[in-house]
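I opened this entry to record what I looked up about strand pairing and charged side chains. The notes follow the order in which I checked things.

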Amino acid sequence: MRDIMRILAVLLIACTPAAAQELHDTSAVQTDSLAPLTIETDMPGAVVFLDGDSVGVTPCAVPSSYVGRRHLRLVPREASNWLVDPILDTMDIVAGVAQTKRYAFSPKLLIISTPSEAAVFFGDSLIGTTPLVVRGISGPLRLQKMGYADTTLDISQAARGILATGLKKIWTSTPEESIFKDSEGNGSSLRLYITGATTVLAGAASAYFKVKADNIYSKYVRTGDPNDLAEVNRLDTAAGIALAATQLSLGLFTYFILTE
């Protein structure tokens, strides 16, 4: 009986380190098998957020610690440019599964003319009147307005997604009446006051909507409520419209000052 007990004790001592080593090797294999998620964008340098945490810029290899369902937000390098919308997505990161996610931003172009309400043509097609936000345009644009010379725009010259131009007036024998002038013809101060006030108010509205959108997005990251995400999109749109109004008013204000 004592011999049997001795044999069992020896076997137990011999097997225990091997079992521990085998468990350690298995754990190491599982840890090493966690391949990082790679995120790429058509505009390199975009900031990558997972559940609100910044994890790098594209092209970005996400750390293997981010496993499970995650909320992704990609912010373009020019974060202050509202004409390039951030990208939102929800993804499942699986341990040991290598993934590569590729995203494409959809930059927009704001076209502003002085004066406004000029017809914008792409080829032979009328696509709207200024101020106008367009997306996916790759060729030259042509602006037309009664009483002004046709103007061709090169969209590659746009600065931060905004392309502004002044139309050249065609001389006519009958000058047009300005809507800013009163019966005595003294409307210079009035139009400056109007455009200046509009610039300030539109800029304040844009900042308000943007701050409110960021606050609601933080709530969305915590709750995942799709209603919050929809509200964020509505507020971002309102902020963009207000910013466009700010740019237009500022352009008119500058134009009126220079033409005095």
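**Charged pairs and strands**

I began with Arg-69, which counts as exposed because its relative accessibility is 58%, and I kept in mind that I was reading a predicted model. I then looked for its charged partner and found that the side chain of Arg-69 meets that of Asp-92 in a salt bridge, at 2.9 Å from N to O. This pair links distant parts of the chain, with Arg-69 in strand β5 and Asp-92 in strand β6 (residues 87–93), 23 residues apart. Asp-92, at 41% relative accessibility, counts as partly exposed.

I next asked how many salt bridges a search of the whole structure finds.

In one, the side chains of Asp-51 and Arg-70 come together at 3.0 Å, N to O.

Glu-40 belongs to strand β1 (residues 37–41) and Arg-102 to strand β7 (residues 99–103), so the pair ties together parts that are 62 residues apart in sequence. Here I recorded Glu-40 as partly exposed at 28% relative accessibility and Arg-102 as exposed at 63%.

I then turned to the strands and looked up an open sheet of three, which has the order β11-β8-β14 and mixed pairing. β11 (132–135) and β14 (162–166) stand at its edges with a single partner strand each, so one side of each is left without a neighbour in the sheet. From one strand to the next, the twist averages 25 degrees. Within this sheet, I saw that β8 (residues 108–114) and β14 run parallel and are joined by five bridges, and that Ser-113 has Thr-165 in β14 as its bridge partner.

Last, I checked β12 (residues 141–145) and β13 (residues 148–153), which run antiparallel and are joined by four bridges. Leu-141 has Leu-153 in β13 as its bridge partner. The two strands, β12 and β13, form a hairpin with two residues between them, and in the turn Gly-147 has a positive phi of about 90 degrees.

Definitions and conventions:
Residues are numbered from 1 along each chain as its sequence is written. This is a predicted model: local features need pLDDT of at least 70, side-chain atom pairs count only at pLDDT 80 or more; totals for chains, interfaces and linings use all residues. Side-chain values use heavy atoms; hydrogens and water are left out. Two strands pair if DSSP finds at least two bridges between them. Axes are lines fitted to C-alpha atoms, for helices over the stretch in contact, and angles run from 0 to 180 degrees between N-to-C directions. A salt bridge is a side-chain nitrogen of Lys or Arg within 4 Å of a carboxyl oxygen of Asp or Glu. Buried means under 20% relative accessible area, exposed over 50%, partly exposed in between (1.4 Å probe, protein chains only).
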